[in-house]
Amino acid sequence: MEERLLNLLQKVRDDGDEAARTELNDLLRKHPEARTILSRSLVDEQALVSHQRDESIVSILDGAGEVAKIQHSDLLVIQKPTCKTGVFIHKVSMKHEPRKWLQMLLQSPGNTSMWNFLVTAVAICLTSTVTNCSAQSDEDFFESNVRPLLVKHCQECHGEKKQEGSLRLDSRDGWRRGGDRGQTIHPGQPEKSLLIEAVKYKDSDLEMPPSKQLTEQEIAVLETWIKHGATDPRTESTTTTAMSVEEAKNFWAFLPLKLPTVPRDADHPKSQNPIDAFVLAQLEKQKLTSVPPADRRTLIRRATFDLTGLPPTPLEIGAFLNDKSEDAFESLVERLLDSPAYGERWGRHWLDVARYADTAGDGSDYPVREAYKYRNWVIDAFNKDQPFNEFIREQIAGDILARDGAAEEYANRVTATGFLAIGKRYGYKASPTYQYLDFADVIDSVGRSMLGLSIGCARCHDHKYDPVSAEDYYALYGIMQSTTWAFPGGEEQKRPAHFPPLVPAKEAARLDQAKQETLTRLDREIAGLKRERAELNPNFLTGGADLGLESQKPGQPPGQPWVSAGPIDVTTEAQSPFDHIHPKGKVGVRLGSGQPTDGLRYVFENGLKATPGSQMHFTVDFRTVAASEQKGAFRFYLGRGVIQSLAVQCSATSTEFAIRNGAKWETIRKLTPGTWYTLQLTIDPDTKMYSGFVGTANDLTVFNNKRTGANWDGVADCFICDGFGFVEGAACARDIDNVGLQSVAFNAPGTGPVLPRIMETASTERLTKIDGEINNLTAKRQTTAASIAYPLAYGVTEGSPVNARLQKRGEPDRLGDEVPRRNLEVLGGDLVAKGSGRLDLANWITRPSNPLTARVFVNRVWQWHFGRGLVATPSDFGTRGEPPTHPELLDWLAAKFIASGWSVKSLHRWIMSSKTYQLASADDQGNFAIDPNNRFHWRYARRPLDAESTRDAMLAVSGNLDRKVPLAHPFPPLDTWGFTIHNPFHAVYDSDHRSVYLMVQRNQRHPYLALFDAADPNQSVAKRQPTTTPTQALFLMNSPFVHEQSQNFAKRIVTVTGDDRAKTLWAFETAHGQIPEEAEVQEALNFVSAYRQQLSKDSSKNDQEAAAWSALARVLLTSNQFLYVD
Amino acid sequence: MLPPSDETRFIEALTRHQPALEAFCHANRQDAREVLQATCVKLWQKSVDWDPDTEFLPWAFTVARFTILSHYRDQKRDRLVFDEDVIQAMAGDTEEAASAFDERREALALCFGKLDQLAKTLLHDHYTVSQSLREIAKASGRSLSAVKMNLLRIRQQLSACIEREMRTNP
């Protein structure tokens, strides 16, 4: 019974279940025991609530210290009321009359538990036997009540580990600083304190703690605490996590660069390469011994892939092996550095760091046709060993340098600024709205790639670890904002804009003007020819009296040059009987009754313009087809454009004809349905008056001195017949013929007939010639209009100098103070002199006193040679990055690098001529135990070929590799671009060029490149993360690409002179650079024979020889000896 | 109004018997607080009628009954659980149970202590923190009906226990 009652009760309370309610009430009516049971249950429920409440009150009061609980009903009698609240109430109640106090209580609405708490507290105080309450000290109150509360509920997010909203609640100094929203606690004023607002959940944006609101008692504690001055004995610990600019002065990465002394002693002879000296010093320290040097075959394969990303051919290997001179390896290195393949390989390394892509990313991923120019510029820069500091400066401020530099360098320098523009780009149109996202990428990329500092972290707050402040970030932001950025195209604005020209501004302006002049000239010529043609053709008057009507096909609406809408046909039935205007023709136009907007339009190509003293003459023949049910009127309009400037209007129903005189319609005469009428108007633009007549030959109605449209501007080039007549309603059907407009008077009706004029032969010939010329010139004009006056780059140019305002939490609508454009404080804090500041920025980054740039790049070069940098975090030289394993070596290389004139090829020479570089990749258990990651270079680390090298190597070996440098990608033509987020750009272009020239798409990556862990173009990539996955293996086994390369490789193998053995050895050497062991050779020979035999059984296979060797080729191209470099 | 000493006694009595009053007013959970408030206001206004030497609760219950009924007449809402006549019928039983509130309360305290921790937590969340059963279900990942059943069982347990206590230790 009880269960049933409680169930029903719950259904009513929680679900509002009407059926349950009825059932429950019925039960209670019928059964007295139900009433007893339920009453007790309800009372018990209250007891439970009350019990729970008291427990929580106790726990609050418990915190106060000394509480002695004596349960007296649900009263708690405290012997020593130590809780501040209790004392407070106690004091109040002693002051005021108990009656007033109770009144206060009774007036506090709805907040039952709070009320109960107060009630209980009053009861406590009133029944308390203690008259003198010792005031608890503020500190005690804090310690007992506030501190545990803060620890429990607040400090996880607002303490040492995390400072959400930049607020700390773990010390007085902490909360005194306030947070992102300002001051958090106003001592003495809880109602003004943001902390109280937050815990009371007053602002839906600020509900603290976010997971669960504090209880009312807890909130009361905080309020009391603040009300009494927010005593807080906790002082801040001295450890703060972020490094200050002061402290940075002692951090290794910021120490000024000095050339360290090379360790020289008996173990380190003077003749030794300094790199080896430094490495050896460390090896000794770590108790490691280097392995023997690599053999020559290994060395040439390693060096060739390292510098060019291609395998050495057997010829090249042979030449190196036979070169007995001392500097054989140095010569090899020089040969490789001279090869254009070097720039293609090492340029690609930089493109990783530069987050290069051929598309703009974001939703629609618009292609950037000019991006390849930046790519090729990078490759060229490496090939010609452009000083690295210039390389950097041009990428930051190339356009500015170009302006003041040599003319032949102009295009290159502007192209270089592609570094800034080719990041991931946001925005649906070329507007500043989403630029802050572009800048976030640029600032972060510049920081990481060039300085090894994660400046991007300071977008929302001071860097948590490094000496980079949010002001620093916005100092750079201003520089970016003072720049004009090429816009690649977006969902709203589907065309690129603001692409800088690759010719100087003056030249660009000149070329623009020349193009414009050409266009204007062509337009003029075409117009002149058209006019001549109009004059030659006797069947053309002004716009052509015939207006091309006779040549229209009957049975369908008239086509060009007429425009029609609605029910309308060319028909022989609409041929006017009048012949005083044109020779009698065969067809006219019949307009059916339709919408008012339906009708007929003709635009006179050579319309009439008002000339002082001249008049305009217009004529049209018409009739209403039959007595019509439609009461409405059609109209004739003559004026400029499609009702742009109205000259005259005439209108007719099937029975009445009216003209517009100024602002009013005037009925002129009656009409008989089915009768043809002719209308002529003589218009005088000087006086804005017109006259005319309408009727048949024998029955003309003349009208004079009528006003044209008051605002008519004197141009008549458009005739319209539609349904907006002087009477509302659907216009009747009507026939139209013989429309004419000219500057001389027409013949009067009754005169004539006008005979068709015959053209002289000479005129006909001239006409044909003119038509031909018009076509030529029109085509020429189109080509000229579509042509690009000068080449463009995807880059940046100077904009208007402006300082940025700090964006709080990185939100562009929460602006703080303006920040002047300047250098990072830790790097000098220099202010921008003039212009956007990019030239200054370029100089700050590359000046010799900058401790980072050279170190960062030198470390990258080391990493690209060895697989691992001296600093293992190549884009993070901050406090969270790894310190260098060989700090002196790093500094030595950096200093030498600068001294050499920032020559990258010099770095290669130093590094590759070292013994360290030339070590074998052999294993050594002892060394491995101490230094398994080879951090100290006891050997050369074997590495997998990266994506580009793998593909290039296969193409090279198969003979398919096209070494030509391709230019633009075959993107779809510009006028078809309509990419949106639902219809983004996507393409994969096949080619046999080197992989660095593949189209790199941002959003949907090239399938091969993605599979083999090429750099993700969405961010600056310092180090690729090679994976070994089954899908790669499947690609190697099954892809058409690998099969094709194998087949072509096989074709080459087949042409090798000699027997199978010779072919096999050649194949191995070409693919692996090694001569295999005899056992391997045998295995291969057996394999090929067996394969051949198998194939011969299947007589349908042609070229079985190549097929057999293809099989071996597939094995060679997909084995580890091919895919890895020792 | 009352002479000061009487007044103090009234206040004492009123505050002391709050829970019992609340229990009595708890015919309809939704309105209980308002009804209780209205009752207390009424009691205060009529405080002169109470003889401090007599029992407080029976007098208070009378006032409460009238307040509840007039409250219902004033605002007939569809969230009421009980019909008017049912309330009248139940009044006697409610009074009786509410009178024994203090004893039941003490028994409850003992019985509560015998519950396991999970049960205590559930009761705490629902009755002290005022989380709805739906919220509790969501937070614990159990289904709503499972939580409902659980609560029901616990209350039945407590009920039975209280009855036992009342009988054995009156």
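Predicted model: local features only at pLDDT ≥ 70, side-chain atom pairs only at ≥ 80, totals over all residues.

A: Two strands are taken as paired if DSSP finds at least two bridges between them.

Strand 6 (residues 588–591) and strand 17 (residues 734–742) of chain A are joined in the antiparallel sense by three bridges. Within this pairing, A:Arg590 has A:Asp735 of strand 17 of chain A as its bridge partner. The two strands belong to an open sheet of seven strands in chain A, whose order is 5-6-17-8-13-14-15 and whose pairing is antiparallel. At the edges stand strand 5 (568–571) and strand 15 (699–707) of chain A; each has a single partner strand, so one side of each has no neighbour in the sheet. Between neighbouring strands of this sheet the average turn is 25°, with direction ignored.

The helical side of chain A may be illustrated by helix 33. This helix holds 16 residues (1040–1055) of chain A, and at 1.5 Å a residue it should span 22 Å; the C-alpha atoms at its ends lie 23 Å apart, which agrees. Its buried residues are A:Val1042, A:Gln1045, A:Ser1046, A:Phe1049, A:Ala1050 and A:Ile1053.

What lies over the buried residues of helix 33 includes helix 30 (947–958), helix 32 (1030–1038), helix 34 (1060–1072) and helix 36 (1104–1117) of chain A. For one of these the packing geometry can be given: the axes of helix 30 and helix 33 of chain A come within 7 Å and cross at roughly 30°. Since angles under 35 degrees count as roughly parallel, that crossing makes helix 30 of chain A roughly parallel to helix 33 of chain A. At this crossing, A:Met954, A:Leu955, A:Val957 and A:Ser958 of helix 30 of chain A meet A:Val1042, A:Gln1045, A:Asn1048 and A:Phe1049 of helix 33 of chain A.

In the loop between helix 9 (194–199) and helix 10 (216–227) of chain A lies A:Pro209, which a cis peptide bond with omega of about -15° joins to A:Met208. A:Lys287, although not a glycine, has a positive phi of about 60°; its place is the loop between helix 12 (274–286) and helix 13 (296–308) of chain A. A:Lys287 counts as exposed because it has 11 C-beta neighbours inside 10 Å. A:Asp385, which is not a glycine either, has a positive phi of about 55° and is found in the loop between helix 17 (371–383) and helix 18 (388–404) of chain A. With 18 C-beta neighbours inside 10 Å, A:Asp385 counts as partly exposed.

A further loop, between helix 26 (853–866) and helix 27 (887–899) of chain A, contains A:Thr873. This residue counts as partly exposed because 16 C-beta neighbours lie inside 10 Å. Leaving aside residues up to four places away in sequence, A:Thr873 touches A:Gly881 and A:Glu882. Its C-alpha atom is 9.1 Å from that of A:Pro884, a residue eleven places away in sequence.

These parts sit within a chain A that has 37 helices and 22 strands. Of its 1126 residues, 43% count as buried. Among contacts in chain A between residues at least 6 apart in sequence, 68% join residues at least 24 apart. Chain B has nine helices and zero strands, and 34% of its 170 residues are buried. For chain B, 68% of the contacts between residues at least 6 apart in sequence join residues at least 24 apart.

How values were computed:
Residues numbered from 1 in each chain as written. Chains lettered and ligands numbered in written order. Helix = DSSP H or I, 4+ residues; strand = E, 2+ residues; numbered from the N terminus. Buried ≥ 20, exposed ≤ 12 C-beta atoms within 10 Å, placed from the backbone. Contact = placed C-beta atoms within 7 Å. Axes fitted to C-alpha atoms, helices over the stretch in contact; angles between N-to-C directions. Expected span 1.5 Å × (residues − 1). Parallel < 35°, antiparallel > 145°, perpendicular 65-115°, else oblique.
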